[in-house]
Amino acid sequence: MGRGLLALLLRRLLLSVPLVLAVVTLTFFLVRLAPGDPAQILAGDSPSPEFLAQIRADYGLDLPLWQQFTAYLGKALRGDFGTSIYLGRPVIDVILERFPATLVLTLAAMALASFVGITLGVLAAKHAGTRLDTAITAGSLIGYSVPGFWIGQLLVLFFAVELDWLPAGGMTSARVTYTGFAHVLDVAWHLILPAVTLAIFLLTMIARFTRTAMVEALQQDFILVAASKGVSPRGLLWHHAFRNAVVTTVTVIGLEFGAVLSGAVVTEIVFGWPGLGRVFYDAINRRDFPLLNGAFIFSSVVVIGANMLSDLICAALDPRISR
Amino acid sequence: MQGFSTTRRGILGLGAGLAALSDGSVQAADPKRIIGVIEEDPPFFNLAISSGISGSVASAPCYSALLRMNAEGALSGDLAERWEISPDGLVYTFHLRDNVQWHDGRPFTSADAQYSLGELNSKLNPYRGALKSVDSFEAPDPRTLILRLKNPQASLITSLGNFCGAILPRHLWEGTNPSSNPHNKNPIGTGPYKFVSFAPGDRITYAKNPNYHVPGRPVFDEVIFRIIPDPAARMAAFTRGEIDMVYSAALPATEIPRLSRTRGVALRASRIQLSSYMAYINLRNAPYSDVRVRQALMHAIDRTFIRNSVLPGLAQNQIGPLATSSPLHNAALVDYALDPAKANQLLDEAGFAKGADGMRFPLRYLFGAADLPARKMGEIMAQNLAPVGIRVVLTPLDRGTLIQRAYANNDFDMVISTFALGPDPDVGVERFYNSNNILPVQAVNNSAYRNAEVDRLFDEQRVQTDPVQRKAIYGRIQEIVWRDVPTMLFCTYSLPGAVRETFATGVFDTVDLPLREDFAYAQPR
């Protein structure tokens with residue numbers, strides 16, 4: 001790693017510290033602004049007042065808010081994010097158990113979106129102004145505008161219910177327990193529909209940005225020079241133009257990682273995928289403050305990390321960035 | 001192999017060798033599984049302290065009670081082999097089964113039943129009122145449990161078989177904090193299935209209890225509950241055969257007509273208990289504190305149309321706080337006629353004149369955002385009430401906000417939900433109308449209805465063992481409540497659960513029972 005890259009990494013790391021602290025503070029107070037008592041949600045119908053009071057005491061919900069915050073902050077700085085009120089388990093355990101499912105889903109979606117999005121973007125740029133370009137651009141606009149939950153439900157109806165090709169939801173089969181490589185296949189099998197659903201939004205973004213960057217790159221003088229030197233059209237497109245455009249694409253992928261994580265919430269609900277997105281959704285509904293705070297902090301760190309990674313990749317691809 | 005079809009392999013582009021490899025990796029003998037579905041992670045696996053539906057369903061395979069109640073409401077012994085009630089109705093003696101074991105291998109004794117009923121159910125159970133007549137819970141020997149009552153209580157025996165009778169292991173609960181005991185999420189019972197694992201957001205797994213006290217039962221090796229919050233996803237999984245049973249609260253009412261035409265799917269509705277779509281009217285503030293206003297609502301709202309259009313074929317008219325099918329129902333009650341002119345007259349008499357815009361006052365109607373029938377009922381009600389000058393403000397809220405706003409802060413005019421009416425009104429209905437139950441929690445007397453005569457009659461019916469006398473007391477309670485309209489009783493209904501009969505038999509709707517019988521007796525077809 002060059003000194004420039006190292007300096008960039010350090011700068012980003014230092015900047016992320018106040019950002020994470022701001023996230024901890026803001027989320028703590030913001031989630032408590034919403035009306036709702038986690039003790040009542042947990043206790044259900046007709047609880048006895050003593051039982052409710054006991055639940056509140058168990059989780060310190062009976063203390064003044066500032067006291068709850070200082071206690072939380074003190075523990076959080078030591079890596080203890082408390083106990084989920086609803087699940088009764090350490091927040092960090094719940095998050096670490098559920099995050100791999102989301103990671104698999106988001107990485108699969110990002111890989112799919114990157115491959116298809118870049119291909120479509122390059123194709124559109126190569127054939128700029130033609131019907132193919134118009135079709136890809138229009139398709140991207142539609143894919144960008146259509147809500148993910150709707151696409152997900154349509155895919156389930158068509159591929160799971162009508163055609164009976166793919167499972168309707170879940171991450172693994174319940175009927176049969178697979179082990180070893182069959183387990184991997186089983187997960188892959190369940191992953192197809194949610195990954196496609198989640199990929200569509202990012203795919204359209206990548207396609208559109210790649211197209212724009214490629215059109216711009218193809219108009220640069222160095223392309224003309226390379227062409228006059230006899231570089232093949234394929235070499236011009238991928239080796240010269242795309243290498244310049246790819247920085248934009250990587251930046252988009254990095255920046256949109258947060259959006260993909262948000263999209264995972266909806267996708268995981270539609271497909272019953274047991275990931276971190278469901279943790280968010282459930283924790284909000286249950287006013288499970290410790291779990292919600294923990295999930296916010298964790299995903300903020302992941303998003304900041306992903307942005308840093310994207311910065312580093314961009315710097316490696318284009319040395320001008322780290323100068 | 002069942003899981004990977006030829007099409008699947010084809011689409012994945014995997015060769016036969018790969019498929020063979022995956023076949024070889026499957027556990028040698030696949031256990032016989034029955035797969036159900038619930039809509040959320042259960043808050044507790046503990047029927048003694050929580051009545052939440054998901055928790056009740058999820059606890060059911062693990063626990064037993066003293067008695068069991070079948071789909072027709074008949075009681076038989078479960079942990080109790082037999083029982084006697086003294087002629088004066090004050091002493092209940094239960095003779096417990098021998099050789100019953102907890103899932104951790106410890107023997108079950110009367111001390112467990114004594115502790116569970118006396119310390120958990122009677123203090124923490126949402127239906128704890130059902131045990132309030134019991135003065136002492138005694139365990140004179142390991143096989144005998146005696147309940148001594150302060151006064152006779154007609155509904156006690158059904159409660160022990162149903163709502164308020166879950167038996168937990170004393171050795172794991174005594175001296176612990178009931179709200180944070182780890183066995184709330186890791187249940188140890190005496191039921192047909194042992195709890196194996198709970199993966200939040202994904203599934204709950206149970207394995208057959210080889211020491212279950214009914215010989216030859218259960219038949220399935222494993223029970224799995226998948227956790228699928230989205231109703232469309234639940235139904236897609238059921239349609240594809242990924243799950244075998246959906247209990248009634250997890251089955252969207254809109255799917256029932258389609259499922260009733262689906263081959264191999266049986267719909268099973270409860271025969272012993274109904275639920276009610278009921279809205280609390282907030283009696284704390286004007287104009288709803290005026291009985292004439294509430295009676296005007298009854299005359300203006302077309303409950304017949306609501307019943308027939310929102311829950312077609314599933315709902316019954318509810319005349320009075322008890323279901324019309326209850327043996328204690330007062331058949332002499334007369335339904336409020338749909339009469340907007342009468343409603344206008346009552347509202348005028350109450351002194352709420354129409355303004356220049358034709359409106360008298362608003363009605364803030366709160367309902368759960370995911371409760372589709374409640375939304376439709378509100379929309380119809382809005383159309384019904386506009387002509388009489390009441391502007392309905394439809395207010396959909398998520399569960400947390402709804403509980404806080406309606407039940408903790410009492411900031412509503414009308415809030416609707418569904419409520420189980422119970423096998424006996426002393427358990428399921430009294431809680432809505434007795435003034436000692438006005439509390440800032442959900443599913444109690446949230447209207448803040450106070451009527452001294454009703455309170456007194458509820459006390460009287462509890463100690464009345466003569467069925468004729470008791471019915472007469474309930475008749476008067478219903479008369480008063482029906483006249484006072486503290487709640488808007490839209491309808492009673494019984495939603496069925498669905499089961500794939502091509503896959504399993506012996507499973508019926510799972511809301512009204514402690515369910516263990518379902519799981520104990522379910523068997524592959």
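Among the contacts in chain A of this predicted model that join residues at least 6 apart in sequence, 74% link residues at least 24 apart. The secondary structure of chain A consists of 13 helices and zero strands, so that from the N terminus on the order of elements is α-α-α-α-α-α-α-α-α-α-α-α-α. The C-alpha trace of chain A extends over about 85 × 55 × 40 Å along its principal axes, and 45% of the 323 residues of chain A count as buried.

Two helix pairs illustrate the packing within this chain. In one of them, helix α1 (residues 3–33) of chain A and helix α4 (residues 65–77) of chain A have axes that come within 11 Å and cross at roughly 140 degrees, which makes α1(A) oblique to α4(A). The crossing of α1(A) and α4(A) is right-handed. On the side of α1(A) the residues involved are A:Val24, A:Phe28 and A:Arg32, and these meet A:Leu65, A:Phe69, A:Tyr72, A:Leu73 and A:Ala76 in α4(A). By class, the contact of α1(A) with α4(A) comprises seven nonpolar residues, no polar residues and one charged residue.

The other pair brings together α5(A) and α11(A), which pack at an angle of about 115 degrees with their axes 10 Å apart; α5(A) is therefore roughly perpendicular to α11(A), the range for that term being 65 to 115 degrees. The crossing of α5(A) and α11(A) is likewise described as right-handed. From α5(A) the contact draws on A:Thr102, A:Leu105, A:Thr106, A:Ala109 and A:Met110, while α11(A) contributes A:Val260, A:Leu261, A:Ala264 and A:Thr267. The contact of α5(A) with α11(A) divides into six nonpolar, three polar and no charged residues.

With 14 residues, α11(A) reaches 20 Å from its first C-alpha to its last, close to the 20 Å expected at 1.5 Å a residue. Because 11 of the 14 residues of α11(A) are buried, this helix is largely enclosed by the rest of the structure. Among the buried residues are A:Val260, A:Leu261, A:Ala264 and A:Thr267, the residues through which α11(A) meets α5(A); A:Phe257, A:Gly263 and A:Glu268 are also buried. Just after α11(A), A:Gly272 adopts a positive phi of about 55 degrees.

The two chains meet through 57 residues of chain A and 60 residues of chain B. On the chain A side, α2 (38–43), α3 (49–58), α5 (91–126), α7 (148–162), α8 (180–218), α11 (257–270) and α12 (276–286) each supply at least two residues. That side of chain A has 31 nonpolar, 16 polar and 10 charged residues.

Some details of backbone geometry can be followed in the loops of both chains. In chain A, the loop between α7 and α8 holds A:Asp164, whose phi is near 60 degrees, a positive value in a residue other than glycine; with 15 C-beta neighbours inside 10 Å, A:Asp164 counts as partly exposed. In chain B, B:Asn99 also has a phi near 60 degrees and is found in the loop between β5 (91–96) and α4 (110–124). Because B:Asn99 has 8 C-beta neighbours inside 10 Å, B:Asn99 counts as exposed.

Chain B also contains cis peptide bonds. One joins B:Arg217 and B:Pro218, with omega about -10 degrees, and B:Pro218 lies in the loop between β9 (203–208) and β10 (222–227). Another runs from B:Ala286 to B:Pro287, with omega near 0 degrees, and B:Pro287 is placed in the loop between β13 (275–281) and α9 (291–300).

Two further residues of chain B show how local surroundings can be read. B:Asn317 lies in the loop between β14 (315–316) and α11 (340–349) of chain B and is partly exposed, with 14 other C-beta atoms within 10 Å. Leaving aside residues up to four places away in sequence, B:Asn317 touches B:Arg307, B:Thr324, B:Asp335 and B:Cys491; B:Arg307 is 10 residues from B:Asn317 in sequence and 7.5 Å away in space, C-alpha to C-alpha. B:Glu81 belongs to strand β4 (residues 80–85) of chain B and is partly exposed, with 14 other C-beta atoms within 10 Å. With the same exclusion of residues up to four places away in sequence, B:Glu81 touches B:His95, B:Leu96 and B:Arg97.

Methods
Residues are numbered from 1 along each chain as its sequence is written. Chains are lettered from A and ligands numbered from 1 in the order in which they are written. This is a predicted model: local features need pLDDT of at least 70, side-chain atom pairs count only at pLDDT 80 or more; totals for chains, interfaces and linings use all residues. Two residues are in contact if their C-beta atoms, placed from the backbone, lie within 7 Å. Helices (H or I, at least four residues) and strands (E, at least two) are DSSP runs, numbered from the N terminus. Ala, Val, Leu, Ile, Met, Phe, Trp, Tyr, Cys and Pro count as nonpolar, Asp, Glu, Lys and Arg as charged, and the others, Gly among them, as polar. The expected span of a helix is 1.5 Å times one less than its number of residues. A residue is buried if 20 or more other C-beta atoms lie within 10 Å of its own, exposed if 12 or fewer, and partly exposed in between; C-beta atoms are placed from the backbone. Axes are lines fitted to C-alpha atoms, for helices over the stretch in contact, and angles run from 0 to 180 degrees between N-to-C directions. Angles under 35 degrees count as roughly parallel, over 145 as roughly antiparallel, 65 to 115 as roughly perpendicular and the rest as oblique. A crossing is left-handed if the near helix is turned anticlockwise from the far one by less than a right angle, and right-handed if clockwise.
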